[in-house]
Amino acid sequence: VESVLNQTYPHLELCIADGSPDDSVASILSEYQDPRIHYRHLQENNGIAGNTNAAFEMATGAYVALLDHDDILTPDALYEMASAVESNPATDMLYSDEDKVTADLRTYFNPHYKPDYNPELLRTNNYICHFLAVKRELAVRAGYFQSDYDGAQDYDFIFRCAELARHIHHIPRILYHWRSHAASTAANPQSKLYAYEAGKRALESHLNRSNVQAS
């Protein structure tokens, strides 16, 4: 929360859709008297896609950006995104480099320096991942997250956005720190084997939409 509120670029909304069964998230957010926080407690946990889509629906800005609940943005993350859009208004999809950080925030490691948009590489793995921002109109056209791909919902979303985007821009700076713990895919990809199957389906769907004959 603080990594968002402390952005040097102040024109933002933090949209939080809470599918948890208690009021712990609401209690924490009550400590922040900031009108840029938009919070909604859901009647039930609708899964990764459903919960994220509820947050998407709360957003009113021209662009939407995705941040996992336990990760951290650099203070200049949104400034770099806004600067890139100002330089080329046709930009409707942006992503940055990223790294990982230990849970105690003391050690930063595994920096991921990414190439500019590379569709062939994207078909081998979700190298785009974080920090991702897309024009809200593009996200709507792409259909937001699809629950059929939970576990690889962001991979599927990136494919569908990239297929429709006018200009995809890569910011060659680490703007996102991915917190790593034993049960996360950041530290242990084998912890969520269902994500592999979901990723396979996402890739197959993308190839079908692209009229590429492949298996």
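**Notebook: cysteines, strands, helices**

I started with cysteine 129, which counts as buried because its relative accessibility is 15%; buried means under 20% relative accessible area, exposed over 50%, partly exposed in between (1.4 Å probe, protein chains only).

I noted the ground rules next. This is a predicted model, where local features need pLDDT of at least 70, side-chain atom pairs count only at pLDDT 80 or more, and totals for chains, interfaces and linings use all residues. Residues are numbered from 1 along each chain as its sequence is written, and side-chain values use heavy atoms, with hydrogens and water left out.

**Entry: disulfides**

I took a disulfide as a pair of cysteine sulfur atoms within 2.5 Å. By this rule I count zero disulfides. Cysteine 15 is in none; its nearest cysteine sulfur belongs to cysteine 161 and is 17 Å away.

**Entry: S1 and S2**

I used DSSP runs for helices (H or I, at least four residues) and strands (E, at least two), numbered from the N terminus. Two strands pair if DSSP finds at least two bridges between them. Strand S1 (residues 14-18) and strand S2 (residues 37-41) run parallel, joined by five bridges. From S1 the chain passes through helix H2 (residues 24-29) to S2, a right-handed β-α-β crossover. Right-handed here means that, with the strands pointing away from the viewer, the path from the first strand over the helix to the second runs clockwise. I looked up two bridge partners. Alanine 17 has arginine 40 of S2. Aspartate 18 has histidine 41 of S2. S1 is mostly covered, with four of its five residues buried.

**Entry: S7 and its partners**

I then checked strand S7 (residues 132-135), which pairs antiparallel with strand S3 (residues 63-65) over three bridges. Tyrosine 63 stands opposite lysine 135 of S7. Strand S5 (residues 91-102) also runs antiparallel to S7, again with three bridges. Here I found tyrosine 95 opposite leucine 132 of S7.

**Entry: H7 and H8**

How do helix H7 (residues 153-164) and helix H8 (residues 194-209) pack? I read an angle of about 15 degrees, with the axes 9 Å apart. Axes are lines fitted to C-alpha atoms, for helices over the stretch in contact, and angles run from 0 to 180 degrees between N-to-C directions. H7 is therefore roughly parallel to H8 (under 35 degrees; over 145 is roughly antiparallel, 65 to 115 roughly perpendicular, the rest oblique).
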